Amino acid sequence: MYSLKQLLDNDYNPTKYIIKDFMLPGAYILAGAPKCGKSILSVQIATAVANGSEFFNRPVNKGVVIYYAFEDRKESFIKKCSNSMDLNSSVENIIFSNERKSMDAIFKDVEALKKQNNDLRLVIVDTLQLSKNLGDDRLSYGHDYDIIKRANDFAFDNQLCLLFVHHTRKEKADDPFDAISGTRGLTGACEGMFVLERKDKFNQVGKLYIQGRSQRDNVITLFFNSSKTIWEYRDEVATDDGFKLDPILEKVVNLVGDNEWRGSATELASLIDYEKGAISLSRYLAANSETLYYSENIKFQRVRVDSTQRLIILTKIQE
């Protein structure tokens, strides 16, 4: 157990995104009706991470991807990849397997590869149902929660994303996330979830609903380009246009600019006219360090100078 004081006085490295404002380390679910194009979308996510190319106008941290395509043939997987990436670049960053494996076997694969390559960023399991142990068809909140909670903890410990491709129910739901097949144990334990909706396979417009712990609720409108067999970005509900930092953080951002600022919390409080004291400011910045990092690319650190004083370092990260 920890007191709030202990938590605020500790520094934590910001979690490194896989795709900014879309996907962080943890377990995610991508659900949709059969043949709606969710596997095509998951391959596009894989190739964007492998290339480090933008995905739906979002920056991506380049890295290695393992793709378990339990329902796919090698030839069709190659075709999907060729539609969404240049096959002359970064092809070594995608590792493919269509051998059905249990969750435990997948974890062993990931641990082995992680020892060889620390750039492993993303593991896609297509589909979730086929990664369950053979004969395990139990349907209960507790069972579903345990499966995804374990996957979420494993992914976070290894600082990667585990993306499970999954199905939605035939029955319509007012809330798209209530249509995800299984109990709410799946959605309750995951870091984030996506639901891809398309009226039918002849309709080229799709809606990607997004919800999670670490990203904004959002709806992205997509267009299915049938000649290229890829999803193309059109627009989205939640954009950065309406986002505004609070006045304290805004003053800090203006002070740092494109450089680095170093000094004591007392000096910083004086520079930005913060009246609640140096300790309060230091803790406030610690509590909002991820907001600074993700919205303004500013990294917050505290370095101990001696037994009584710590130095604050605010660094603008150049992407």
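Student: Which residue in β3 stands opposite Y67?
Tutor: In this predicted model, strand β2, residues 64-69, is joined to β3 by 4 bridges, and the two strands run parallel. Across that pairing, the residue of β3 that stands opposite Y67 is F96.

Student: Which strands stand at the edges of the sheet?
Tutor: The sheet is open, with 9 strands in the order β3-β2-β4-β5-β1-β6-β7-β8-β9 and mixed pairing. Two of these strands have a single partner each, so one side of each is left without a neighbour in the sheet. The strands at the edges are therefore β3 (94-97) and β9 (230-236).

Student: What angle does the direction of helix α3 make with that of β3?
Tutor: Helix α3, residues 74-84, packs on the sheet, where it touches β2, β3 and β9. Its direction and that of β3 make an angle of about 155°.

Student: Within what arc do the buried residues of α7 fall, seen down its axis?
Tutor: In helix α7 (residues 247-256), the buried residues are L249, V252, V253 and V256. They line one face of the helix, because, seen down the axis of α7, they fall within an arc of 100°.

Student: Which exposed residues does the face turned away from the buried side of α7 carry?
Tutor: The buried residues of α7 are covered by elements including β10 (260-263), α9 (278-287) and β11 (298-304). On the face turned away from that buried side, the exposed residues are P247 and N254.

Student: Which residue caps the N-terminal end of α7?
Tutor: A side-chain oxygen of the capping residue lies 2.9 Å from the backbone nitrogen of I248. The residue that caps this end of α7 is D246.

Methods:
Residues numbered from 1 in each chain as written. Predicted model: local features only at pLDDT ≥ 70, side-chain atom pairs only at ≥ 80, totals over all residues. Heavy atoms only, no water. Pairing = 2+ DSSP bridges. Contact = heavy atoms within 4.5 Å. Axes fitted to C-alpha atoms, helices over the stretch in contact; angles between N-to-C directions. Buried < 20%, exposed > 50% of the residue type's maximum accessible area, 1.4 Å probe, protein only. Arc of directions from axis to C-beta. Polar contact = N/O pair within 3.5 Å; in protein donor to acceptor, adjacent residues only side chain to side chain.
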